[in-house]
Amino acid sequence: MYYCGIDIGSTASKFVVLSADKKEIVYKKTIPSGWNSKDTGLKIIEILKNEGYERDKLHITATGYGRISVDFADKVITEISAHGKGAHFLGSKSSTVIDIGGQDTKIIVQNDQRVIDFLMNDKCSAGTGKFLEVMANRLGLSLKEVFDNAKKGKEIEISSTCTVFAESEIISLMGKGTPREDICAGIINSIISKVAKLAAKKPSSDDYFLTGGFSNNEYIMKKLEEKLNAKVRSHIDGRFAGAIGASLI
């Protein structure tokens, strides 16, 4: 029997298969979530089958934005529990976990393997992956190009706390001829500032662990460390933390 975790996020879906002893990741993959979580779940099952992981050999746990649509799962759990458990597996120990997702940001305080507190920003997409995606589209850039430009720019303040108003602010800056590099630096700074402000409400000692789509982004981690004045660590499989945690649970 293998243990499979499926994390259907708002933008990307991640799934992993753990060995029978739950000590080794034997398969992992990420695919776009698309518009229909149920179809995405069925596509994942088909991919697993083609890789030799038949349904009757898998114990499946679902998590994430579209978890309730995975009606073939043996168990469904929250993203909070999944990311906490997954981060611990990846080496976070007693760190405060920061998950910057597509639609929300989660701050998860854990003590060894147990989640003891959490906080979410789910009222607005500002400070999330969706915010960056919207701004990149407005600038006509890919996400990679936004980061490449930001590294060369001077951070300017984007004061709006709402994605819609911030987009209008970006348009105004473009109209004034503000260098694109400076706008990109301001966009990243806006995201990091909001994440750091949220994290400050659930303070860690001096140790944070980043999961989610930005977990392998050195620029994001560097800026987070500056804002939090603390060490921010991650793992090459940080984006799979939710799926890993689901498979463990």
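This is a predicted model: local features need pLDDT of at least 70, side-chain atom pairs count only at pLDDT 80 or more; totals for chains, interfaces and linings use all residues.

Trainee: How many residues of helix 8 are buried, then?

Mentor: 8 of the 8, over residues 241-248, so helix 8 is largely enclosed by the rest of the structure. The buried residues are Ala241, Gly242, Ala243, Ile244, Gly245, Ala246, Ser247 and Leu248.

Trainee: OK, switching to helix packing. How do the axes of helix 4 and helix 6 cross?

Mentor: At roughly 105 degrees, and the axes come within 7 Å. Helix 4 is residues 143-152 and helix 6 is residues 180-200. Angles of 65 to 115 degrees count as roughly perpendicular, so helix 4 is roughly perpendicular to helix 6.

Trainee: Which residues make that contact?

Mentor: From helix 4 you've got Val146, Phe147, Asn149, Ala150 and Lys152. Helix 6 brings in Glu181, Cys184, Ala185 and Ile188.

Trainee: And by class, what does the contact have?

Mentor: 6 nonpolar, 1 polar and 2 charged residues.

Trainee: Now pockets. What's the volume of the largest pocket?

Mentor: About 590 Å³. The largest pocket is lined by 28 residues, and those nearest its centre are Thr11, Ile100, Gly101, Gly102 and Gly213.

Trainee: Which elements give two or more residues to that lining?

Mentor: Strand 2, helix 2, strand 6 (96-100), helix 3 (129-139) and helix 4.

Trainee: What about the lining by class?

Mentor: That one has 7 nonpolar, 11 polar and 10 charged residues.

Trainee: What's the relative accessible area of Lys22?

Mentor: 26%, so Lys22 is partly exposed. Have a look at Asn229 as well, with a positive phi of about 55 degrees although it is not a glycine.

Trainee: Where is Asn229, and is it buried or exposed?

Mentor: Asn229 is in the loop between helix 7 (218-228) and strand 10 (231-233). With a relative accessibility of 71%, Asn229 counts as exposed.

Technical notes: Residues are numbered from 1 along each chain as its sequence is written. Side-chain values use heavy atoms; hydrogens and water are left out. Axes are lines fitted to C-alpha atoms, for helices over the stretch in contact, and angles run from 0 to 180 degrees between N-to-C directions. Helices (H or I, at least four residues) and strands (E, at least two) are DSSP runs, numbered from the N terminus. Angles under 35 degrees count as roughly parallel, over 145 as roughly antiparallel, 65 to 115 as roughly perpendicular and the rest as oblique. Contact means heavy atoms within 4.5 Å. Ala, Val, Leu, Ile, Met, Phe, Trp, Tyr, Cys and Pro count as nonpolar, Asp, Glu, Lys and Arg as charged, and the others, Gly among them, as polar. Buried means under 20% relative accessible area, exposed over 50%, partly exposed in between (1.4 Å probe, protein chains only). On a 1 Å grid over the protein atoms alone, a cavity is a set of points where a 1.4 Å probe fits but cannot get out, and a pocket is an open set with protein on both sides within 12 Å along at least five of seven lines; lining residues have an atom within 4 Å of a point. Grid points are joined across faces, edges and corners, and a volume is the space filled by probe spheres set on the points.
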